[in-house]
Amino acid sequence: MDLPVDEWISYLLDKWALLPKPVQDTVSTAETLSDIFLRSSSLLQPEDEVFLKRLSSAYLVEKDYDAPLFYREKGNKKFQEKEYTGAAVLYSKLVIFQGVSHSRPNTEDISLCYANRSAALFHLGQYEACLKDIVRAGLHGYPERLQPKMMLRKTECLVNLGRLQEARQTITDLESSLAAKPTLVPSSHQILQRNLHHLKMKIREKESLPETCPAALTRAFEDMALEEENKQISGASLSVSLHMDPLKGRHLVATKDILPGELLVKEGAFVNVLNPGEMPPLHHGLETKRDTRVTNGDLYCHRCLKHTLATVPCGGCSYARYCSQECMQEAWECYHSTECPLGGLLLVLGVFCHVALRMTLLSRFEDVDRVVRMLCDETGDRDICLPENKNPVKTFRRTDQSESAENSKIGANPVPGCNVHGKYESNYNAVFSLLPHTEKHSPEHKFICAISVSALCRQLKTASVQAQTMSSKGKAVSPGLCADLTIWGPAMLRHMLQLQCNAQAITSIQHTGSEESIVTNSRQVRLATGVFPVVSLLNHSCSPNTSVSFTGTVATIRAAQHIRKGQEIVHCYGPHESRMGVAERRRKLSSQYFFDCSCPACHTETLRAAAEPRWEAFCCNACSALMQGNAVLSCSNESCRESVSRAHLASRLQDLQQQVCAAQKLLRNGKLVEQAVQQLLGCREAAKSFLSAEHTVVGEIEDGLAQAHAALGDWQKSAAHIQKSVHVVEARHGPSSVEIGHELFKLAQVLFNGLAVPEALSTIWKAEKILLVHCGPESPEVQELQEMKSCLLDLSIPVGPSV
């Protein structure tokens, strides 16, 4: 996903292996990125480009005139099966291939695409999106004979949204239309009149209800905007300051004592690219290219990352989709006009290559050229593309006397990435200053990246010539494509190498399970890849003191615990002490980020005797004490003499995990819940005989039983099982972790549905307190907790939180 597809990597590795040793050495020993790029680019042959073009053509991003029938049939089938999310996605694909991209505008077929999608959105309760599709259907010539059905749907949406005056007007318009042109057969006319009467009654009922102003929701704190901008770091609070250290490099330090939940940084991505999700196998038949799976590209805006099922397609390709016409236009003007004709090439070259291109497009190639040449003037041509620029504490400076005087006030060695006034901003200057660690990447990796960037540059150069030709004919040209290839080629290569250490995964909490599921299961998924210059200032810790959350393309960093004045602000790059052991963490951090982690968690774990964490530990079958040892495990209870081979227990664990997966599959079926319960109960008994009570698999079993009993309406049993799951999660992640917050949220849902008011309120308060710290009040889970709390408090039952 990040790097090119396996077929292109394998091809280039074979090409590298066949190069003569002296030729390999010219790339391996190149001191600057400019040299690496130029030497690798000279090795790119026409046959290589032909192979890359063949790979690119395997991804369908252009016209497919037969696709509409395929997606219409699949969408209609999903709709009939009441799988409305899948239906909406397939109707969106139908819009793309039938609609603006590949057909004449304002046709009945396109209008029916939007109308079908509006029906699916209506059943999903997405009334605003449904209304927008109803408008689009009308703009594209929705048939007059079907208008009554559409106006009824519009009225229901307006009523559900509380827009009662508009709903009344729509009914009036419909009745006037029917009176002027009575085209319906008597039976259809009677059904329509009954529906209209029902809607009028519903409007009167809503109008008769007293207008209520919802009570102010109790919050642990408000998500206050940064009261005063940090004069040193854009998007940061006054609680942090920027420091430079020979060992730590650039890093953030607390300027005062910081409380849990305090907002420290709020930064929009300088650049972001939506991850395409799991790529389908490379095939060359049209039928295999048509994909009915739901991916990130179907659910999120390709510019702002807003979740949407009613996507607006690009007018030139079938891949890029947006949440609105405005987002589509903004993307086109900033970068997509250049990316659009590249087709499947960007999918083949991977997300990192795509981010590197978009970074230069957003900066405009002229700005890249200006920034790079400024650095050339200062450090000399050879130093510009060295990994750390020889002098790592220099910054961009101009030569006029006033700015030289300003620099002398700031200090001779300002922090890299800061402007002439010493401020670190989220701009291209800061992005360019992020380290590419060129000398730490393998020669093969640098060759793959350089050849890929070179192939992309050649395509851009071709597009530039074509654009100039089009310009001479009076057509618009994408700005910035005529910059010097020897400048923006190495610049893109620099960015591609930077991303291994500086790319930030933009994540989203996605709910799993069926649409009818009562207990919300959620997981964190990687939505996009972005670059956040300010967030990149934070160093790693396997036990971080901050929590990072995302709203669209905006990253928010909050204190996850009390941070003392002078303490470093750190977050986790992925390897966390609650997810993997110290050896595995250090191996992953060294291979990807090129450093040996010595954070307090790693230091403490290395000092203490090696022991399996309880969430992975086996227990004694005779006395339930923990087992310990290597190849042969012995009971830790000195009075017990039980022992067993680790291989045997590992085999039992594998069998148990397969049984749990089979039970979860039965549970997802929806019609075999009782059977799933019996299988999960059997799994629980088996687990007791050899797994610790805090083992992760035990938690999965209890969670499955909780979902099953919730589906059966037995809220009391469901809550009991979730409470056991909470115990497992807390043992692994800690009592104030975001993971325990999510688990308490599920427990609150069950207790709320079971009307266990005191217990529900107590759990809501605990979950809200934790999730506010990690996710902030804009989190959907926090907002749902506050709605549940408000509803329960309205019952006027005198209760308070348990202590």
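**Close-up views of a predicted model**

Of the contacts in the protein with a separation of 6 or more, 66% are between residues 24 or more positions apart, a contact being heavy atoms within 4.5 Å. This is a predicted model, where local features need pLDDT of at least 70, side-chain atom pairs count only at pLDDT 80 or more, and totals for chains, interfaces and linings use all residues. Residues are numbered from 1 along each chain as its sequence is written, and side-chain values use heavy atoms, with hydrogens and water left out.

**View 1. The whole protein.** You'll find 30 helices and 15 strands here; these are DSSP runs numbered from the N terminus, with helices being H or I of at least four residues and strands E of at least two. Of the 803 residues, 50% are buried, meaning under 20% relative accessible area with a 1.4 Å probe, counting protein chains only.

**View 2. Helix α3, residues 33-41.** Look for Leu33, Ser34, Ile36, Phe37, Ser40 and Ser41, which are buried. Seen down the axis of α3, its buried residues fall within an arc of 165°, so they line one face of the helix; the arc is taken from the directions from the helix axis to the C-beta atoms.

**View 3. Strands β13, β14 and β15.** β14 (residues 632-635) pairs in the antiparallel sense with β13 (residues 627-629) over three bridges, and a hairpin of two residues joins β13 to β14. β14 also pairs with β15 (residues 643-645), again antiparallel and over three bridges; strands pair if DSSP finds at least two bridges between them.

**View 4. Around Leu633.** Leu633 is the bridge partner of Gly629, and in β15 the partner of Leu633 is Val644. Leu633 and Cys635 make up the covered face of β14, while Val632 and Ser634 make up the uncovered one.
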